[in-house]
Amino acid sequence: MPPKYLPAFVASISPYLPTRQFGDLLWSVVGEGNASRAVMGLALYTLIFGFIAALGYRRDERKRYA
């Protein structure tokens, strides 16, 4: 579904979700999206969640082997 057909509430929060970034990336294939913005958004999500995962891993390692 194109983003312009989303309900108002969903449309207001969707630009900040990774599923929208994937959608924009797919829409850029057919010519209606911005691939660079979608790739940057996905890279940002990758960094954020990678950092959170690394913190959780370090915490678990300290708890188990300290």
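Which helices each supply at least two residues of the lining of the largest pocket? In this predicted model, the helices that do so are α2, spanning residues 18-29, and α3, spanning residues 35-65. The largest share of that lining comes from α2, which provides 3 residues. The pocket itself holds about 180 Å³ of space, and its lining is made up of Pro15, Tyr16, Arg20, Gln21, Asp24, Asn34, Arg37 and Gly41. By residue class, this lining divides into 2 nonpolar, 3 polar and 3 charged residues.

Two of the residues that line the pocket, Arg20 and Asp24, also take part in a side-chain contact. Side chains of opposite charge can pair when their charged atoms come close. Here the side chains of Arg20 and Asp24 meet in a salt bridge, with a nitrogen-to-oxygen distance of 3.1 Å. Both residues belong to helix α2, where they are placed 4 residues apart, about one turn of the helix. The structure as a whole holds 2 salt bridges, one of which is this pairing of Arg20 with Asp24.

A further feature of the model is a nonpolar surface patch of about 610 Å², to which Leu44, Ile48, Phe49, Phe51, Ile52 and Leu55 contribute. Of these residues, Leu44 is located in helix α3, the helix that also supplies at least two residues to the lining of the largest pocket.

With regard to confidence, the mean pLDDT of the protein is 89, and 98% of its residues reach 70 or more. Confidence is lowest in α2, where the mean is 89, and highest in α3, where the mean is 93.

Technical notes
Residues are numbered from 1 along each chain as its sequence is written. This is a predicted model: local features need pLDDT of at least 70, side-chain atom pairs count only at pLDDT 80 or more; totals for chains, interfaces and linings use all residues. Side-chain values use heavy atoms; hydrogens and water are left out. On a 1 Å grid over the protein atoms alone, a cavity is a set of points where a 1.4 Å probe fits but cannot get out, and a pocket is an open set with protein on both sides within 12 Å along at least five of seven lines; lining residues have an atom within 4 Å of a point. Grid points are joined across faces, edges and corners, and a volume is the space filled by probe spheres set on the points. Ala, Val, Leu, Ile, Met, Phe, Trp, Tyr, Cys and Pro count as nonpolar, Asp, Glu, Lys and Arg as charged, and the others, Gly among them, as polar. Patches are made of residues with over 30% relative accessible area and no salt bridge: like charges are joined within 9 Å, nonpolar side chains (Val, Leu, Ile, Met, Phe, Trp, Tyr) within 5 Å. Accessible areas come from the Shrake-Rupley method with a 1.4 Å probe; for residues, only the protein chains shown count as cover. A salt bridge is a side-chain nitrogen of Lys or Arg within 4 Å of a carboxyl oxygen of Asp or Glu. pLDDT is the predictor's confidence in each residue, from 0 to 100.
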